[in-house]
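Me: I would like to learn how to read a few features of a structure. Can you take me through one?

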Amino acid sequence: MFLLNPARIFQFLGRIPFRMERIIANNRLAEATIKSLEHEVEAVKNELIARKFKEIQAENEALREEIEKAKAQLISLEVANGKRQIPLPGESAVSCSSVPTSAPPKVAKQEKPQKTEEKQEKVEKSDKPQKEKKAKPAKQPAAPAEEAPIDIRRLDLRVGKIVECQKHPDADGLYLEKIDVGEAAPRTVISGLVKFVPLEEMQNRMVVVLCNLKPVKMRGVLSEGMVMCASTPEKVEVLAPPAGSVPGDLIHCEGFPREPDAQMNPKKKIFETVAPDLLTNGNLEACYKGAKLQVPEKGAIVAQTLKNVHVK
């Protein structure tokens, strides 16, 4: 059994007050040190604020001097150009003589000498009647050019040949075609024909292209025309040019001489106005108001099987 030595216990207890006093003294010293540091930080802060305030004052004073110099220079230039200086209330007037100027004094305009009596007498004695000036007729404003009527003549329909066709990379229902319409480079045309015409039937095919629509992006690709088709809700057939047609052949409609717009204005809805009268007839021929669409001396534009349906 372990026994505590009473003498050691009393010795330990006797040291506790001494240790407590030392801890209290250390605590007071720490508090004094913290207060001292706080005073030093406050002093440094005040010194920095005072220094910054002086710098700002110096900058303001420099700016004020520059403004005064600029103002004096402006007044000098105005006085040199003869501009009168009017002081604001509470300010002293700026004397024109106090500002250096090199502007020469203004010379009064000399009055034109009056006609001599001899010249006046000659004018009075002159018997020649003065010729009256004929008033020129006012120019009439040019009459505005008459706009062609909105009908099939405004559409630029041409024969084209599909030289390349593939599915649109971002749309399952669209074909992306390169079509030769007789220009320097093939046009890119987007057509929603995937559900109606197999891809192999689109390759190297002769078609009819509407070429003066405003180009529009379809799923990120710019389409520069429209392949014309005979159409019902259930079936769509690509219109075929006559045999012997070549890319770039122009398509005409009897009774409507071609006057195509360079590019149709979508706001005028030209195609939307023409479309209801574009139909195939009983002979499968594409017509506008009953007049056949054709390539002169080569033949008519036709569908494969769809009669009396809309063309679009």
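Reply: First, the ground rules. This is a predicted model, where local features need pLDDT of at least 70, side-chain atom pairs count only at pLDDT 80 or more, and totals for chains, interfaces and linings use all residues. Residues are numbered from 1 along each chain as its sequence is written, and side-chain values use heavy atoms, with hydrogens and water left out.

Me: Which residues of the largest nonpolar core touch the most other members?

Reply: In soluble globular proteins, nonpolar side chains tend to be buried together. A nonpolar core is a set of buried Ala, Val, Leu, Ile, Met, Phe, Trp, Tyr and Cys residues joined through side-chain atoms within 4.5 Å. Buried means under 20% relative accessible area, exposed over 50%, and partly exposed in between (1.4 Å probe, protein chains only). Here the largest core has 28 residues, and I152, L155, L157, M228, L239, L278 and L293 touch the most other members. At least two residues of this core come from each of β1 (157-167), β4 (206-210), α4 (270-274), β12 (286-288) and β13 (291-295). Helices (H or I, at least four residues) and strands (E, at least two) are DSSP runs, numbered from the N terminus. A second, separate core has 17 residues, including I179, V181, V189 and V238.

Me: What does L278 touch?

Reply: Contact means heavy atoms within 4.5 Å. Not counting residues up to four places away in sequence, L278 touches I152, M228, F271, C287, Y288, L293, V309, H310 and V311.

Me: Which residues form a nonpolar patch on the surface?

Reply: Like charges are joined within 9 Å, and nonpolar side chains (Val, Leu, Ile, Met, Phe, Trp, Tyr) within 5 Å. Areas come from the Shrake-Rupley method with a 1.4 Å probe; for residues, only the protein chains shown count as cover. Here I16, M20 and I23 form the patch, with about 280 Å² of accessible area together. I23 lies in helix α1 (residues 6-80).

Me: Why is I23 called exposed?

Reply: Because its relative accessible area is 53%.

Me: Is L284 buried or exposed?

Reply: L284 is buried, at 18%. This residue sits in the loop between β11 (278-280) and β12. L284 has a positive phi of about 75° although it is not a glycine.

Me: And where is N308?

Reply: N308 is in the loop between β14 (299-300) and β15 (310-311). Its phi is positive too, about 55°, and N308 is not a glycine. N308 is exposed, with a relative accessible area of 56%.

Technical notes:
Patches are made of residues with over 30% relative accessible area and no salt bridge: like charges are joined within 9 Å, nonpolar side chains (Val, Leu, Ile, Met, Phe, Trp, Tyr) within 5 Å. A salt bridge is a side-chain nitrogen of Lys or Arg within 4 Å of a carboxyl oxygen of Asp or Glu.
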